[in-house]
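Hi everyone, thanks for coming.

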Amino acid sequence: MKRLVIGRGSVFADLLIIGEAPGAQEDLEGKPYVGKSGKLLNELLIQAGIDYEKDVYFCNVIKCRPPNNRKPTVREINIHKPWLLQQIKLVDPKFILLTGSTAMRAILEVKDPISNLRGQWIKKDGREIMVIFHPSYLLRFPSKEINKPYHLTLKDLENVSGKLYAV
């Protein structure tokens, strides 16, 4: 199936989470972050105190699943990017969370390894942006030990939660 996967969540959200591209489950359901990675991300958001149903909008850089679930090409990213930028304008979030290197490179236009930027707030176009590990990476390296990717991601999300709900 080749379905357009636009987004899910509140279009009035203050937090926009951008992933890479739809996976098999996302292609099937027509919604981003509903597969294994999405379920893990939802759990992490809950642990960090973020109400993902009320305060988050989810989307991807690429709006349809690449063949064989491969990484999107630069050409595909460039084709889909205007659509993504329009989504950002329409949702108008205060905070953007970029999950993984594809989203990081598409929005921040950097080539750094994700480990150099993750967990830091970056100001761009009047918004605060943070890069985190993609939940699929956490599924491959599930250790919950301190300073391992899962623990670091949870700490990053707690940081986001603190800003999102600051009075």
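Let me start with a question: is K155 buried, partly exposed or exposed? With a relative accessible area of 42%, K155 is partly exposed. Keep in mind that this is a predicted model.

K155 has a partner, too: it forms a salt bridge with E158, and the closest N and O atoms are 3.2 Å apart. Both residues sit in helix α8, which covers residues 149–164, and being 3 residues apart there, they are separated by about one helical turn. E158 is partly exposed as well, at 31% relative accessible area. Elsewhere, salt bridges with shared partners join K123, E128 and K163 into one network.

Now let's step back to the whole chain. The protein chain has 8 helices and 6 strands. Its radius of gyration is 15 Å, close to the 15 Å that the globule rule gives for 167 residues, so the chain is as compact as a globular protein of that length. Buried residues make up 53% of the 167 residues. As for contacts with a separation of 6 or more, 72% of them are between residues 24 or more positions apart.

Back to the charges, then. Side chains of opposite charge can pair when their charged atoms come close.

In one of them, the side chains of K94 and D14 meet at 3.5 Å, N to O. D14 counts as partly exposed, at 28% relative accessibility.

The other one joins E109 and K81, whose closest N and O atoms are 2.6 Å apart. E109 counts as exposed, at 57% relative accessibility, whereas K81 counts as buried, at 15%.

Last stop: G119. You'll find G119 in the loop between α6 and β5. G119 and D156 are 37 residues apart in sequence, yet their C-alpha atoms are 5.3 Å apart in space. Leaving aside residues up to four places away in sequence, G119 touches M130, V131, D156 and N159.

How values were computed:
Residues numbered from 1 in each chain as written. Predicted model: local features only at pLDDT ≥ 70, side-chain atom pairs only at ≥ 80, totals over all residues. Heavy atoms only, no water. Helix = DSSP H or I, 4+ residues; strand = E, 2+ residues; numbered from the N terminus. Rg over C-alpha atoms; globule rule 2.2 N^0.38 Å. Buried < 20%, exposed > 50% of the residue type's maximum accessible area, 1.4 Å probe, protein only. Contact = heavy atoms within 4.5 Å. Salt bridge = Lys/Arg side-chain N within 4 Å of Asp/Glu carboxyl O.
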